[in-house]
Amino acid sequence: MQYFRPDNKNGLNVFETTKNDTTAFKKMKVQVGGNFEMAFQGLKDQNSAIPVTQAPYIGNVNKLVPLTDGFDLPMANLNIDAQLADGIRMNLTVYLASRHHEDAWVKGGYIQFDKLLFLNSDFINNIMKSVTIKVGQFDVDYGDQHYQRSDGGNTIYNPFIENYIMDEFATEIGGEIYYHSKCGFFLMGGITNGELDPTVIAASKIDSATGKVNSYDPAFHGKIGYDKQLSKLFRFRVSASGYTDKSANSNTLFGGDRTGSHYFDVMSSQSIANGTTLNDENDYNAFSGRYNPGFTEQVNAFMGNLFLKFGGLQFFGTYEIVQGREITEVNNRQATQYAGDLVYRFPSGKENFWVGIRYNSVTAAMIGVPADITINREAGSIGWFVTKNITMKAEYVVQTYLNYQDTSILNGGKFDGYMLEASIGF
């Protein structure tokens, strides 16, 4: 495939696809691939929240559901890529099975243009040597973190088990245009519908901030950065990203993952779980261990990322600040996130083993809560690429919840323990 990120070890530390034309086009080609992961969980949790009853549930909704060591529900993805013409590629990804939805359904699909030879213009052909155009329903390119996250059955790019506490991921309909310079500088601008679940039904809800009927405005995002292999051993990448949506039906920038967390059922209510008609795996708390700020009406987000790789040692850092609100709020709230991943891959030349540590912290203002809450996570990981398509990894994680009110199930919350995971990507 041309201008393509492989679904195996060769896709590690690949962000935006480059303009390196390394594959000659001969004829239309269709490639079918997939991802599969299965994990064994040994997590324990605790809290100190006071008992609370909540109709229609019976008993204390702040009582945590008991956990036991065991296998999580395996997840699988189906990837279909087609080289339609020289410089024109299509992608379609299907979630075959996941925690949040056990039935198969389409994640999204897009077409990417790196050449426009059908226009028969030397001028445009010259421009396209530095430009990429992407159109469809795709993972919005806000920040660099989403290039290293687990996505359902696709966990091969992530040296850890889970994603960030505040997980930035949304598939939206729109387009992106990239400019790549030979010196390493790159620039991207994009526009989307700002919705995971688009609608053509006219708005009827009243925006509390404006007093007017809600509008469905387009969302805009952009990225600027520099990425260069400065020497045989040293790679340097820095980027800044922004995303803004003035008004939406239901924006899901921080809640667009349709597969679910890889920390199953931590900090979940036993009473509410028993009161649902869902089974234990496809539960009401499918994103356990994560924090969604709930900026569904308006969101303004900024992320800065730094990636350094010297030999087998690599660092990936993130700073993020987000402001937004729900439609019932008048004023914006704010959330900030910091994260740092330090990973060492060895031996030199092969880098098929790794050890890593992660620190991740979120501080956010919540509706009706006087003080900002904080969630901290520390994780350590070891892993092995058995082949370029098969990985095995183990993680120990500790996550703590601070400043939650005593009526919240997360008051005094903490979970810790180990995770084991095997995954395949091809």
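Start your tour by selecting Y344, F346, F353 and W384, which ring pairs link into a cluster. Rings of Phe, Tyr and Trp (its six-membered ring) pair if their centres lie within 6.5 Å; planes under 30 degrees apart count as stacked, over 60 as edge-to-face and the rest as tilted.

Before going on, note that this is a predicted model, where local features need pLDDT of at least 70 and side-chain atom pairs count only at pLDDT 80 or more, while totals for chains, interfaces and linings use all residues. Residues are numbered from 1 along each chain as its sequence is written, and side-chain values use heavy atoms, with hydrogens and water left out.

**Aromatic pairs**

The structure holds 14 aromatic pairs. Select Y263 and F415 for one of them: the pair is edge-to-face, with 5.6 Å centre to centre and 65 degrees between the planes. Y263 sits in the loop between β10 (234-245) and α2 (270-274), F415 sits in strand β17 (residues 414-425), and the pair links these distant parts of the chain, 152 residues apart. Helices (H or I, at least four residues) and strands (E, at least two) are DSSP runs, numbered from the N terminus. Both Y263 and F415 are buried; buried means under 20% relative accessible area, exposed over 50%, and partly exposed in between (1.4 Å probe, protein chains only).

Now return to Y344 and F346, whose ring centres are 5.7 Å apart and whose planes are at 15 degrees, so the pair is stacked. Y344 is partly exposed, at 40% relative accessible area, and F346 is partly exposed too, at 30%.

**Neighbouring strands**

Select β3 (residues 75-85) and β4 (residues 88-97), which run antiparallel and are joined by 9 bridges. Two strands pair if DSSP finds at least two bridges between them. Here D81 stands opposite N91 in β4. The hairpin of β3 and β4 has 2 residues between the strands, and G87 takes a positive phi near 85 degrees there.

**Charged side chains**

Next, show K19 and D114, which form a salt bridge with the closest N and O atoms 2.9 Å apart. A salt bridge is a side-chain nitrogen of Lys or Arg within 4 Å of a carboxyl oxygen of Asp or Glu. D114 is buried at 2% relative accessibility, and K19 is buried at 16%. K19 also lies over the face of Y3, at 5.2 Å from the ring centre; a charge sits over a ring if NZ of Lys or CZ of Arg is within 6 Å of the ring centre and within 35 degrees of the ring normal.

Then select R99 and D265, whose side chains meet in a salt bridge (3.4 Å, N to O). R99 is buried at 0% relative accessibility, and D265 is buried at 15%.

For a last stop, select E16, D141, D144, K223, D227, R235 and R237, which are linked in a network of salt bridges.
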